[in-house]
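Take a look at the model first, and then we can walk through it together.

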Amino acid sequence: MSKILVTGGAGFIGSAVVRHIINHTSDSVVVVDKLTYAGNLDSLNDVSASKHYAFEQVDICDRASLDRVFAQHQPDLVMHLAAESHVDRSIDGPAAFIETNIVGTYSLLEAARHYWLSLSADAKQAFRFHHISTDEVYGDLHGTHDLFTETTPYAPSSPYSASKASSDHLVRAWQRTYGLPTIVTNCSNNYGPYHFPEKLIPLVILNALEGKPLPVYGNGAQVRDWLFVEDHARALYQVVTEGVIGETYNIGGHNERKNIDVVRTICQLLEELAPVKPAGLAKYEDLITFVTDRPGHDMRYAIDANKIERELGWKPLETFESGIRKTVAWYLANEVWWQRVQDGTYARERIGLES
Ligand SMILES: NC(=O)c1ccc[n+]([C@@H]2O[C@H](COP(=O)([O-])OP(=O)(O)OC[C@H]3O[C@@H](n4cnc5c(N)ncnc54)[C@H](O)[C@@H]3O)[C@@H](O)[C@H]2O)c1
């Protein structure tokens, strides 16, 4: 039984990782999360009563608090997911991305290194620092058959992906220079339950239900490789427990789709699962609205996930069709979760403004 420190555990992927560990393993979790707008304790309601769960509201840039958390909880493994993660926000205000993704990762690496140096020989050998990153560090692909591999050179396009690329380099340098036992994973676009409604898939589902426009950048021809978040959480647990120190694993769903096709698929599923539409709306697809493209928008991302499949035996369980159906059904069945995000209750409650 290991104790796993999960940074960003109140976010979209982090909460899926925490639910996976508590529900499917005998390990325990210490969540370290600043609770920015993207952190939502509601996403942890299913597991927060477990005796295997602890929560620390801590900013990863705050080294003194990190040292206290490491000393108090004595984790065996670290999974680092805390980040600013929304590309559009990084274009409007890059400072928080530099602060959390680069400076915060540096501060976490140093706290982890000093803690690791203090461990007994056995604990030191078993310790892992797993850094969770994105395929966006590779830039974009122009050929229709090219794939990102673990050796594709970095060419980030946005402040978000540049800050994630910087953090990946720091993590690898801490392994090479100080011997800290690190592993890096780079994953494609995730989707699934508990996804903050500023991201494409939940935004489209919720806007459609409310009869609002469904914004599609440019002509919608950008291609992304979609991975169901629970498949990602399973992969991450497998990497932190079985992965090889110093290695990088790319994680993807073999599910390349154009953005416009993703939006149309959601509309078709809503016709079936939510046939009663807002007044005056004939078809959900009528809400699709093409908007000015994002600056620096990457055209295509696609992952070669052969290494993790070959070396760790991981494979995604969901196809895009099965995963997107589950996702739409989850949003239809969990209105309380997204209503509390949309009206801000989830954030006001945790700072004590409401009971
Ligand atoms: N969402 C994707 O499709 C995707 C794909 C590949 C990789 N990733 C990476 O996975 C990780 C998690 O992504 P996500 O989509 O769950 O993000 P998210 O925005 O949903 O969650 C981020 C979490 O980090 C916390 N956080 C932010 N700044 C912090 C700080 N300074 N200190 C402590 N906690 C802080 C937030 O409160 C939030 O709970 C990120 O590192 C992201 O780069 C995401």
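A pocket is an open set of grid points with protein on both sides within 12 Å along at least five of seven lines, and its lining residues have an atom within 4 Å of a point. Please keep in mind that this model is predicted.

Let us begin with the second largest pocket, whose volume is about 200 Å³. Which helix gives the most to its lining? That is helix 1, with five residues. Helix 1 (12–24) and helix 8 (229–242) each supply at least two lining residues. Among the residues that line this pocket are R19, H24, D231 and E318.

Next come the cores. In the largest nonpolar core, which has 37 residues, V6, V17, V18, M79 and I308 touch the most other members. Contributors of at least two residues each to this core include helix 1, helix 8 and helix 10 (306–312), along with strand 1 (3–7) and strand 4 (77–80). Apart from this core lies another, of 34 residues, with F228, L270, F320 and W337 among them.

Now for the histidine. H232 lies in helix 8. Buried or exposed? H232 is buried, because its relative accessible area is 1%, under the 20% cut-off.

| Residue | In contact with |
|---|---|
| I308 | A235, V239, Y249, N250, I251, G313 and W314 |
| H232 | I13, I132, C187, N190, L227 and I251 |

Conventions. Residues are numbered from 1 along each chain as its sequence is written. This is a predicted model: local features need pLDDT of at least 70, side-chain atom pairs count only at pLDDT 80 or more; totals for chains, interfaces and linings use all residues. Side-chain values use heavy atoms; hydrogens and water are left out. On a 1 Å grid over the protein atoms alone, a cavity is a set of points where a 1.4 Å probe fits but cannot get out, and a pocket is an open set with protein on both sides within 12 Å along at least five of seven lines; lining residues have an atom within 4 Å of a point. Grid points are joined across faces, edges and corners, and a volume is the space filled by probe spheres set on the points. Helices (H or I, at least four residues) and strands (E, at least two) are DSSP runs, numbered from the N terminus. A nonpolar core is a set of buried Ala, Val, Leu, Ile, Met, Phe, Trp, Tyr and Cys residues joined through side-chain atoms within 4.5 Å. Buried means under 20% relative accessible area, exposed over 50%, partly exposed in between (1.4 Å probe, protein chains only). Contact means heavy atoms within 4.5 Å. Lists of a residue's contacts leave out its neighbours within four places in sequence.
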